[in-house]
There are 2 protein chains.
Amino acid sequence: MPYYRRLYELLRKHIREGVYKEGDLLPSENELCSLYQLTRPTVRQALSALVNDGYIRKQQGKGSIVNKIPQGIGILSVSGTTTALKNQNLKTITIEKPRVITWPGNFMFGLSETEKESGCIYMTRLRLLNELPIFYDISYIPNINLPRFTARKFDNRSLFDVLRKTYQLEITSGEQKIRAIKAEQKVCDFLQIRTGHPVLHMERKMHTNRPGLNIYSSIYCNTREHAIYGTF
Amino acid sequence: MPYYRRLYELLRKHIREGVYKEGDLLPSENELCSLYQLTRPTVRQALSALVNDGYIRKQQGKGSIVNKIPQGIGILSVSGTTTALKNQNLKTITIEKPRVITWPGNFMFGLSETEKESGCIYMTRLRLLNELPIFYDISYIPNINLPRFTARKFDNRSLFDVLRKTYQLEITSGEQKIRAIKAEQKVCDFLQIRTGHPVLHMERKMHTNRPGLNIYSSIYCNTREHAIYGTF
DNA sequence: GCTAATAACTTGTAATTACAAGTTATTATT
DNA sequence: AATAATAACTTGTAATTACAAGTTATTAGC
């Protein structure tokens with residue numbers, strides 16, 4: 001792991017654990033240099049990654065100021081869904097275990113030839129916050145070089161954790177379409193809401209560090225109690 | 001304007017105008033160096049800003065690959081709402097002209113003391129896409145050093161354009177809460193939809209380059225025809 | 001005691017050099 | 001002709017140096 005990345009991970013951990021609180025100043029770039037035996041460009045690379053991910057903001061002449069950690073459900077952020085939640089009780093239930101299907105006709109995003117040919121791993125999950133169902137997820141993953149995937153279990157573990165640890169797959173960026181819709185019967189049942197209740201529908205395409213491999217989800221979200229929170 | 005910024009603006013313009021199309025490779029970093037008489041760190045700074053804003057992705061050993069330009073309604077991106085739309089006919093109507101009010105009780109985000117003391121500029125606008133109302137915007141701006149703001153006109157011009165050009169205010173980042181709700185009567189009237197139709201509700205806090213000055217909006221969005229599109 | 005200049009910080013920009021690591025086209029070998 | 005090694009690219013990481021520009025604390029002068 002490169003030096004700038006190590007420093008990034010360390011500072012990120014410190015911020016998340018409250019070593020540096022909201023409004024605090026990080027050590028200055030020169031201090032970080034001498035603390036960790038790095039040069040300024042390297043330190044700046046780590047800091048700009050933190051700025052990028054919303055952990056700090058910088059002000060010329062002043063320093064690196066720690067931002068408030070997102071407390072809501074940070075599903076809009078790049079990092080996995082589970083990560084943004086800290087003390088809240090989030091549980092994941094697999095409704096349909098992963099199985100290989102042919103891609104649905106009229107898919108939400110355009111597919112490459114490679115993706116079309118390789119078929120699709122399909123699974124549905126329900127995610128509960130404090131015992132209340134919040135997300136109904138339908139995931140579509142191209143069946144490209146992911147051995148034994150359908151045999152894996154995801155209960156109480158983020159799909160993205162498995163992808164990262166087992167297949168070294170990381171989400172690098174993505175696109176999404178968001179709508180407010182009247183939920184159909186099946187979705188209402190899963191989310192335990194009245195038929196026709198407004199529901200947030202997200203269609204996401206997530207790019208990974210493996211070029212050409214994208215992960216797709218269709219997510220229905222009950223926002224009655226919790227809003228979707230995101231930074232940009 | 002710094003060199004890296006100039007190169008960023010130029011390449012961004014070229015991508016938006018189609019000089020480089022989706023999937024194309026930009027000139028290599030070394031080519032850009034000799035083309036514009038810059039050094040590689042400077043070129044890389046410009047490119048990483050383009051990666052950041054989703055215009056390109058990079059692949060080691062290959063090059064900088066141009067991404068698809070977002071064609072939807074790019075309200076989730078940092079840049080102003082109007083910018084992401086290209087050939088579509090977007091019109092803005094001011095419903096309530098900017099006026100100074102006291103901050104509403106139970107405001108959607110916590111306010112600093114400075115913000116509370118300085119009062120609030122309030123305005124509401126309706127934005128139409130191809131003659132159809134899509135967004136109903138309520139904006140709240142702290143009345144801090146913005147001379148003659150209430151006298152300005154915003155018809156058919158992005159609020160953010162005025163803020164940038166008149167007051168050198170730029171949005172640097174922000175946070176938002178998103179919900180699917182049943183629209184109340186007034187909102188339905190503005191958006192020309194049936195009472196109780198699902199509507200997307202966004203509450204946004206936008207940080208600016210002027211430390212301590214944030215812009216707030218509450219946006220109701222009709223997503224029946226158009227989805228909100230964003231990259232991350 | 002107050003004010004203004006200054007010094008000592010902070011981050012921002014930029015050139016230079018060097019090598020590592022991934023990709024692609026070329027060349028040599030079989 | 002197909003394959004494997006290689007060379008010539010590409011971007012990634014990292015140290016070094018220098019000065020510009022913004023912020024804050026100190027100091028000198030009144």
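Ala, Val, Leu, Ile, Met, Phe, Trp, Tyr, Cys and Pro count here as nonpolar, Asp, Glu, Lys and Arg as charged, and the others, Gly among them, as polar. By that scheme, the surface near DNA strand D has four nonpolar, 13 polar and seven charged residues, where a residue is near a strand if one of its heavy atoms lies within 4 Å of it. This is a predicted model, in which local features need pLDDT of at least 70 and side-chain atom pairs count only at pLDDT 80 or more, while totals for chains, interfaces and linings use all residues. Side-chain values use heavy atoms, with hydrogens and water left out; residues are numbered from 1 along each chain as its sequence is written, and chains are lettered from A and ligands numbered from 1 in the order in which they are written.

**DNA strand D**

- Around DNA strand D there are 24 residues, of which Tyr3(A), Thr39(A), Thr42(A), Arg40(B) and Gln60(B) come nearest.
- Of the atoms of DNA strand D within 4 Å of the protein, 72% belong to sugar or phosphate, and the rest belong to bases.
- Polar contacts (pairs of N or O atoms within 3.5 Å; within protein, one must be able to donate a hydrogen and the other to accept it, and residues adjacent in sequence count only if both atoms are side-chain atoms) include one of 2.6 Å between a polar backbone atom of Tyr3(A) and a phosphate oxygen of DNA strand D.
- With four residues, α3(A) gives the most to the surface near DNA strand D; helices (H or I, at least four residues) and strands (E, at least two) are DSSP runs, numbered from the N terminus.

**DNA strand C**

- DNA strand C is surrounded by 23 residues, the closest being Arg40(A), Gln60(A), Tyr3(B), Thr39(B) and Thr42(B).
- The surface near DNA strand C has four nonpolar, twelve polar and seven charged residues, and its largest share, four residues, comes from α3(B).
- A phosphate oxygen of DNA strand C is 2.6 Å from an N or O atom in the side chain of Thr42(B), and a polar side-chain atom of Ser28(A) lies 2.9 Å from a phosphate oxygen of DNA strand C.

- Chain A can be laid on chain B with an RMSD of 0.1 Å by a turn of 180° and a shift of 0.1 Å along the axis, the superposition being by least squares on the C-alpha atoms of residues with pLDDT of at least 70 in both.
- The two copies are therefore related as by a two-fold rotation axis.
- The same surface serves both copies, as 100% of the contact residues (contact means heavy atoms within 4.5 Å) of chain A recur in chain B.

**Nonpolar core**

- The largest nonpolar core has 22 residues, and those with the most contacts inside it are Ile178(A), Leu200(A), Ile228(A), Ile178(B), Leu200(B) and Ile228(B).
- Such a core is a set of buried (under 20% relative accessible area, 1.4 Å probe, protein chains only) Ala, Val, Leu, Ile, Met, Phe, Trp, Tyr and Cys residues joined through side-chain atoms within 4.5 Å.
- Leaving aside neighbours within four places in sequence, Leu200(A) is in contact with residues including Ile178(A), Ile228(A), Ile178(B) and Leu200(B).

Conventions. Buried < 20%, exposed > 50% of the residue type's maximum accessible area, 1.4 Å probe, protein only.
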